[in-house]
Amino acid sequence: MSPALLKMYVSFAGMAFMFLSLIILYFSRYKLKGFFKFITAFIAYFFMAAAGIIIFLVVFSGPTSG
């Protein structure tokens, strides 16, 4: 697998984390109550931070030759 293809798949994982954080935050804010609301919000913010780090690394790692 070429480095460019690997970077593409890693960026897809970052986008998937962003989408998961969006869905989980929606359920956390509008559908859940009590303890589960805080747990799901924490998980969602973790996914959002991980997605930000992944996208940051992919964008600033520079171009690949291949």
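Contact is defined here as heavy atoms within 4.5 Å. The structure is a predicted model, in which local features need pLDDT of at least 70 and side-chain atom pairs count only at pLDDT 80 or more, whereas totals for chains, interfaces and linings use all residues. Residues are numbered from 1 along each chain as its sequence is written, and side-chain values use heavy atoms, with hydrogens and water left out.

Ser 28 touches Lys 37, Thr 40 and Ala 41, residues up to four places away in sequence not being counted. Ser 28 belongs to helix α1, where helices (H or I, at least four residues) and strands (E, at least two) are DSSP runs numbered from the N terminus. Accessibility is classed by relative accessible area: buried means under 20%, exposed over 50%, and partly exposed in between (1.4 Å probe, protein chains only). Ser 28 is buried because its relative accessible area is 2%.

A polar contact is a pair of N or O atoms within 3.5 Å; within protein, one must be able to donate a hydrogen and the other to accept it, and residues adjacent in sequence count only if both atoms are side-chain atoms. The side chain of Ser 28 reaches the backbone oxygen of Lys 37 at 2.9 Å. A polar contact of 3.4 Å also joins the side chains of Thr 40 and Ser 28.

Thr 40 is located in helix α2. With a relative accessible area of 18%, Thr 40 is buried. When residues up to four places away in sequence are not counted, Thr 40 touches Ile 24, Ser 28 and Leu 32. Ile 24 is itself part of helix α1. Apart from neighbours within four places in sequence, the contacts of Ile 24 are Thr 40, Ile 43, Ala 44 and Phe 47. Ile 24 and Ala 44 are 20 residues apart along the chain, and their C-alpha atoms are separated by 5.6 Å.

The arrangement of the helices was examined next. Two packed helices are described by the angle between their axes and the distance between the axes. Axes are lines fitted to C-alpha atoms, for helices over the stretch in contact, and angles run from 0 to 180 degrees between N-to-C directions. The axes of α1 and helix α2 (residues 35-60) come within 8 Å and cross at roughly 155°. The two helices, α1 and α2, are therefore roughly antiparallel to each other, a class that covers angles over 145 degrees, with those under 35 counted as roughly parallel, 65 to 115 as roughly perpendicular and the rest as oblique. The contact of α1 with α2 comprises 17 nonpolar, five polar and three charged residues. In this classification Ala, Val, Leu, Ile, Met, Phe, Trp, Tyr, Cys and Pro are nonpolar, Asp, Glu, Lys and Arg are charged, and the others, Gly among them, are polar.

Further residues of α1 were assigned to other accessibility classes. Leu 5 lies in helix α1 and is partly exposed, at 32% relative accessibility. From Met 15 to Lys 37 the C-alpha distance is 23 Å, at 22 residues apart in sequence. Phe 19, found in helix α1, counts as exposed because its relative accessibility is 54%.
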